[in-house]
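Me: I would like to learn how to read a model like this one, feature by feature. Where do we begin?

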Amino acid sequence: MAESAMEARGDSFLRQRQVLFLFVFLGVSLAESESRRYSVVEETERGFLIANLAKDLGLGVGELAVRGAQVVSKGNRQHIQLNHQNGDLLLHEKLDREELCGPTEPCVLHFQILLQNPLQFITYELQVIDVNDHSPVFFEHEMQLKLLENTPPGTIIPLGNAEDLDVGRNSLQNYTVTPNSHFHVLTRSRRDGRKYPLLVLDKALDREEQPELILTLTALDGGSPPRSGIAQVHIVVLDINDNAPEFTQSLYEVQVLENSPINSVLVTVSASDLDTGNLGTVSYAFFHASEEIRKTFQLNPITGDIQLVKYLNYEVMNTYEVDIEAKDGGGLSGKTTVIVQVVDVNDNPPELTLSSIASPIPENSPETVVAVFSVSDPDSGDNGRIMCSIESNLPFNLKPSEENFYTLVTNGALDRESQAEYNITITVSDLGTPRLKTQHNITVTVSDVNDNAPAFSQTTYTLRVRENNSPALHIGTVSATDRDAGANAQVTYSLLPPRDPHLPLASLVSINADNGQLFALRSLDYEALQAFEVRVGAADRGSPALSSQALVRVLVLDDNDNAPFVLYPLQNGSAPCTELVPRAAEAGYLVTKVVAVDGDSGQNAWLSFQLLKATEPGLFGVWAHNGEVRTARLLSERDAVRHRLLVLVKDNGEPPLSASVTLHVLLVDGFSQPYLPLPDVAAAEARADPLTVYLVIALASVSSLFLCSALAFVAVRLCRRSGAASGGGCAVPEGHFPGHLVDVSGAGTLSQSYQYERVWGEGQREKERERESHADSVLSRELEARPSSISGP
């Protein structure tokens, strides 16, 4: 029989549980369609399908992943997870309604669905439905009451209540008592909805007949099947003590700050008894107090002071209802209730939960979402109101969204070259007193965009290289910098096409593409190319690449690589020129002028002259700066007739280069004297027998005196006319008197025009003009043969 009853009861339980789940699922469907609220029964296993989010939002499954859908809940504990593959919302863990919400009904968990691109918040609620998984439990399993035997019927005696953690129909519903020959139980509700029992006396007691009674108090909940809890009530029937203690107040209400110190007295209860002696002595005690109340408060049994023994927390519990019992020595008691209301203080700083952050951010981008976060504060009133802010000097803005969500966005386009990284401090403060705040630091980096072209350190570079350089010589470096970063800042150098198409740039210089070093590809010649210009380009490696250019001016410096060249007298291997000097010439007489040129420039072309060797030292001198050969003293009959002068022409380079020229000078008594043999012939005759030479000279002089005088006059006239007409050279045929004219004007070693003529007698000025014209023509032909500048200091 018992087994059959148990089976029947189990089948009934299963049917009822199936009906319950059916209603739960129907509730879930209604919540999805109407208020975006989902429901789930507590203790449901992990992985339970709550709903399909994709269908609920009308989105494709792939769109959830593309828009970065995520579940955002308050705190660090996630109860729900999202499957991006099929869009299902699943339970992340088994839920305990009593742990999550306590006595609060309905038990609703709030969460948000965060979608990006574009940013969107969708608020959902998950209601956790209670199941009857807790039985009512009495705080005291045994209760002892003392009643006077003359207690009239109808007297109500408070009993200790039971507690059921379930809510709604599954919570504690009523009390029963057995046996009930003398008593019955009334079920009453407190302000917070908890039910407590009242024992009502139905029949008068008789101590002599029955000195004590043992009752069973049963607490039943409304679950299906119902759960119950029991406690024993031991009633002792006392002799008459006709005055019970009475409290001055039937209800005490006190407000206590949640940060009140330990051991502070919250309130003092007071009761009096009209009896005397031991029957009038009152003691105080908690009446059926819960464990939480006993851990939080302490009651002085003599004074009635209620002290705080544990710190209060408004966010955990904001109201305590404490029952106090006052007993006299005879066992009679009176009861009162103390309501302790906890007053919130601003003891919780705001909390910031970061949902997403985007870093780095490309520069020059328009308004961009950098971060998404939510804020919360468990305090109440102004203590729980929140303000968010960032530094005002940053190019970012905070934009509030729904459900205490904020987005951090850029204020405009950012410039990486101005600032590549931002340290943003988000300050969250409440409006309590004193204000509490929380700060969260976010580091945002700005990625580079190729928006800066390379910039040269100079717009124009001037480089100098000495001629005759070795090939591949490093002649200088150009430098360009790019304010961008990475590949956008890597600079490559190149030579741009020259503006002059005839300039062989490819054979002159090259550039290192990596460091901008310029090299001369071949040896340069100052006399051929004194300067040239090169355009250099610098390009970065961005996409698209940016570039700039600079002008490089290369100056070729002269080197002393050309020796002086003598224009006059000619040194071409023909018959040498012989200069005639009359013996009557005075000191400083201009014999001739050495004319030379140098292909170099500057100091390398400054020429100086020096007499290295002379037949008779001291007779002639050479001016160092202009090459003029003059007599140093008066001539005498003792001076030799023929003289050979070796003149050195040297430039001012380092090291100096030089050339030499040989001059032949013949001393004559007058221009009527016949032409003498050349120096080489004279030297050969000098080597002959001196006596024979003297005899031949004497004989020739005596026999031909007249003839020579006549011929000399005629030869001089003819030579002068033929020279003026044809510009003939200095060397004259044998039997004629030579005439030499040299004129260098405005260049070379001559500072002014000079005339040289060996003439005696009247009409000297006219002859000098004729010989000057002849010298001009000779010098012009020599200059055309060698087109170089005639240099001089």
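Me: How many helices and strands does the protein have?

Reply: This is a predicted model. The protein has 9 helices and 51 strands. Of its 793 residues, 41% are buried.

Me: How do I read the two faces of a strand, and which residues of strand E5 lie on each side?

Reply: In a regular strand, side chains alternate between the two faces of the sheet. In E5 (residues 88-91), Asp88 and Leu90 are on one side, with Leu89 and Leu91 on the other. These four residues are all buried, and both faces of the strand are covered.

Me: Which strands are joined to E5 by bridges?

Reply: Strand E2 (residues 49-52) runs antiparallel to E5 and is joined to it by 3 bridges; leucine 49 stands opposite leucine 90. Strand E4 (residues 80-83) is also antiparallel to E5, with 4 bridges, and here isoleucine 80 stands opposite leucine 91. E4 and E5 form a hairpin with 4 residues between them. Glycine 87, in the turn, has a positive phi of about 80 degrees.

Me: What does glutamate 417 touch?

Reply: Leaving out residues up to four places away in sequence, glutamate 417 touches Glu363, Asp448, Val449, Asp451, Asn452, Arg483 and Asp484. Glu363 is 54 residues away along the chain, with a C-alpha separation of 9.1 Å. The side chain of glutamate 417 also makes a polar contact with the side chain of arginine 416, at 3.3 Å.

Technical notes:
Residues are numbered from 1 along each chain as its sequence is written. This is a predicted model: local features need pLDDT of at least 70, side-chain atom pairs count only at pLDDT 80 or more; totals for chains, interfaces and linings use all residues. Side-chain values use heavy atoms; hydrogens and water are left out. Contact means heavy atoms within 4.5 Å. A polar contact is a pair of N or O atoms within 3.5 Å; within protein, one must be able to donate a hydrogen and the other to accept it, and residues adjacent in sequence count only if both atoms are side-chain atoms. Buried means under 20% relative accessible area, exposed over 50%, partly exposed in between (1.4 Å probe, protein chains only). Two strands pair if DSSP finds at least two bridges between them.
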